[in-house]
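Hi there,

Here is the structure I promised to pass on. Have a look at it first, and my notes follow just below.

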Amino acid sequence: MKTAFLTGITGQDGAYLAKFLLEKGYHVVGLVPRRSTVDRWRLEYLNIADHVEYKEGDLLDVSSLTRALKACKPEEVYHLGAQSFVGSSWEQPILTAQVTGMGVLHVLEAIRETDPAIKMYQASSSELYGLIQEPQQSEQTPFYPRSPYAVSKLFGYWMTKNYRESFQMFSTNGILFNHESPLRGLEFVTRKVTHAVARIAANKQKELRLGNIQAKRDWGFAGDFVEAMWLMLQQDEPDDYVIATGKTSTVEEMCKIAFDYVGLNYQDYVVIDPELYRPAEVDILLGNPEKAKRELGWTPRTKLEELIHMMVDADMQRVAKQ
């Protein structure tokens, strides 16, 4: 039985990846911070909270990471933990740099000190491309980050490559484009929309306030994307891969899908709020997943309409229970 160590296990990707790995027969160990309460609702939603081992530690404390790795002796580490909300990174840029940027270096150092043979996956981000330099972004597209979050992710990206080249460690970057699910946090626009649709349909909310609804994103299903993470660590040699659907849609189009699903006209409820515009906007992201398809054999299975319908259904159930 292989052991996999996951940071960020209580997040969306961590929960779906833990479920995927358990189904593959892994022993899954998750890093959790020392808090009075740890919110494991996503793991409970997937009925796996009791099937995972937990180790206390913090991304800002490399010694705690080293102790956790020595205790569980994993073959694979999936580093998903971060301050992952782009909007908050302008309000908390230093914290974002420490957790999202330096956290990667701490994990790499912990692996190097414990067992350099451990394979590591680093959760990189399409936000690296920011002010896009090519219409469709691949592994060769130059980066132009547009937020403290993206700049922090860029540090982690290059550290991952540097440790691969400097210490011959199996460290790989997955440059994931937007991936959503019923487990997405309410601060993310897709879940903000589907949650609002459910509440409006139940007469518990009157409007949905959004910022730039012309922004375009390449949206996929997180449950599909975690398979790509695993596939990267099953290769003979480490490399970096773009994981995306290869299709882009506006926030407005995504809203229309969600409202149409419950028989409502989005134009009757969506209100544009200038306060919700970002200081530096990323207008469009569109990934080129050809390398992942060719080398990993990975393809996305869930279309945007299916994804949004799945999220609306889940939020309708949640609202009904409240």
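Predicted model: local features only at pLDDT ≥ 70, side-chain atom pairs only at ≥ 80, totals over all residues.

Gln12, Asp13, Tyr16, Leu17, Phe20 and Leu21 of H1 are in contact with Ala222, Gly223, Val226, Glu227, Met229 and Trp230 of H8. Sorted by class, the residues of this H1 and H8 contact are eight nonpolar, two polar and two charged. As for geometry, H1 covers residues 12-23 and H8 covers residues 222-232, and their axes come within 9 Å and cross at roughly 65°. The crossing of H1 past H8 is right-handed.

Another pair to look at is H7 (residues 189-201) with H9 (residues 251-261), whose axes come within 10 Å and cross at roughly 30°. Angles under 35 degrees count as roughly parallel, so that is how H7 and H9 run relative to each other. H7 also passes H9 in a right-handed crossing. On the H7 side, Val189, Thr190, Val193, Val197 and Ile200 make the contact, and H9 brings Val251, Met254, Cys255, Ala258 and Phe259. Nine of these residues are nonpolar, one is polar and none is charged.

H9 turns up again at the second largest pocket: this helix and H11 (304-321) each give at least two residues to the lining. The pocket holds about 270 Å³ of space. Its lining has 13 residues, with Thr245, Lys247, Thr302, Lys303 and Leu304 nearest the centre. Split by class, the lining of this pocket comes to six charged, four nonpolar and three polar residues.

Enjoy exploring it!

Best wishes

Technical notes: Residues numbered from 1 in each chain as written. Heavy atoms only, no water. Axes fitted to C-alpha atoms, helices over the stretch in contact; angles between N-to-C directions. Helix = DSSP H or I, 4+ residues; strand = E, 2+ residues; numbered from the N terminus. Parallel < 35°, antiparallel > 145°, perpendicular 65-115°, else oblique. Left-handed = near helix turned anticlockwise from the far one by under 90°. Contact = heavy atoms within 4.5 Å. Nonpolar A, V, L, I, M, F, W, Y, C, P; charged D, E, K, R; others polar. 1 Å grid on protein atoms, 1.4 Å probe; cavity = no way out; pocket = protein on both sides within 12 Å on 5 of 7 lines; lining within 4 Å. Points joined across faces, edges and corners; volume = space filled by probe spheres on them.
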